[in-house]
Amino acid sequence: MTTIELLDGEAADPYADRIFALYDAVFGRFPDKADWREQLFDRDRVRDGYRLALALDGDRVLGFAWGYRGERGQHWPDLVARTLPELPAEWVRDHFELVELAVDPDARRTGLGGGLHDALLEGLTGRALLGTTLASDDPALRLYKSRGWSTLGHLQDNRQVMGAYLPLPKRG
């Protein structure tokens with residue numbers, strides 16, 4: 001049976017190896033686990049407001065989503081502010097950043113991505129930002145749009161910035 005747990009940064013640490021295995025299978029952006037931990041996972045999990053939604057089937061990680069409170073001086077808000085100067089400044093300060101969301105390919109199209117998304121954002125208020133593809137056939141883009149996110153602007157490399165006011169409307 002699959003469960004979704006919401007964890008803070010300290011509680012996330014014991015799951016790092018299993019999260020990396022899925023991260024690597026889905027995204028493959030880091031040459032090895034040590035680089036991933038140093039440049040992404042460990043850096044993020046000590047940030048203010050960090051939370052991890054983790055989908056587990058027994059000991060197996062089927063999916064994850066994480067984010068934290070974003071502010072100027074961090075890479076993503078500064079990139080967004082620099083690239084989209086017309087965007088009101090409120091969007092790039094004191095917001096929640098949805099940083100990563102991944103689902104095991106064998107568990108897709110089961111509602112797990114939506115469950116992770118909703119668990120991660122539950123109870124949060126204010127504004128939220130994320131970056132995703134422009135490709136209309138990408139399941140992540142469909143998920144975000146179905147959950148009430150809207151496009152705020154476009155970056156280079158087929159990416160866009162999406163934003164939402166939290167809490168998101170309840171799904172009926």
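The protein chain exposes about 9000 Å² of surface, and carbon and sulfur atoms supply 47% of that area. Areas like this one come from the Shrake-Rupley method with a 1.4 Å probe, and for residues only the protein chains shown count as cover. What you're looking at is a predicted model, where local features need pLDDT of at least 70 and side-chain atom pairs count only at pLDDT 80 or more, while totals for chains, interfaces and linings use all residues. Residues are numbered from 1 along each chain as its sequence is written, and side-chain values use heavy atoms, with hydrogens and water left out.

**Overall build**

Of the chain's 172 residues, 47% count as buried. Here, buried means under 20% relative accessible area, exposed means over 50%, and partly exposed is in between (1.4 Å probe, protein chains only). The chain has 6 helices and 7 strands, which are DSSP runs numbered from the N terminus: H or I of at least four residues for helices, E of at least two for strands. Read from the N terminus on, the order is β-α-α-α-β-β-α-β-α-β-α-β-β. The radius of gyration is 15 Å, close to the 16 Å that the globule rule gives for 172 residues, so the chain is as compact as a globular protein of that length. That radius is taken over C-alpha atoms, and the rule is 2.2 Å times the number of residues to the power 0.38. Along the principal axes, the C-alpha atoms fill a box of roughly 45 × 40 × 30 Å.

**The cores**

In soluble globular proteins, nonpolar side chains tend to be buried together. A nonpolar core is a set of buried Ala, Val, Leu, Ile, Met, Phe, Trp, Tyr and Cys residues joined through side-chain atoms within 4.5 Å. The largest one here has 25 residues, and Tyr144 and Trp149 touch the most other members. Two or more residues each come from strands S2 (51–57), S3 (60–70), S4 (95–103), S5 (126–133) and S7 (159–166), and from helices H5 (112–121) and H6 (139–146). H5 gives the most, with 5 residues.

Trp149 is worth a look on its own. Leaving aside residues up to four places away in sequence, its partners include Leu98, His117, Leu121, Tyr144, Met162 and Leu168. There is also a second, separate core of 21 residues, with Ala16, Leu22, Trp36 and Phe41 among them.

Back to H5: this helix is mostly covered, with 8 of its 10 residues buried. Those are Leu112, Gly113, Gly114, Leu116, His117, Ala119, Leu120 and Leu121. Their cover includes strand S1 (2–7), S2, S3, S4, H6 and S7. Just after H5, Gly123 takes a positive phi of about 85°.

**Salt bridges**

The structure holds 12 salt bridges, each a side-chain nitrogen of Lys or Arg within 4 Å of a carboxyl oxygen of Asp or Glu. Here are some of them, with the N to O distance for each.

| Pair | N to O distance |
|---|---|
| Asp13 and Arg45 | 3.2 Å |
| Arg29 and Glu100 | 3.6 Å |
| Asp42 and Arg45 | 2.9 Å |

Asp13 lies in the loop between helix H1 (9–12) and helix H2 (16–26), and Arg45 in helix H3 (residues 33–45), so their bridge ties together parts that are 32 residues apart in sequence. Asp13 has 30% relative accessibility, so it counts as partly exposed. Arg45, at 18%, counts as buried.

At 6% relative accessibility, Glu100 is buried.

Asp42 and Arg45 both belong to helix H3, 3 residues apart, or about one turn of the helix. Asp42 is partly exposed at 24% relative accessibility. Asp13, Arg37, Asp42 and Arg45 are linked in a network of salt bridges.

**One last residue**

Ala21 lies in helix H2 and, at 48% relative accessibility, counts as partly exposed. Ala21 and Asp118 are 97 residues apart in sequence and 23 Å apart in space, C-alpha to C-alpha.

Key:
Contact means heavy atoms within 4.5 Å.
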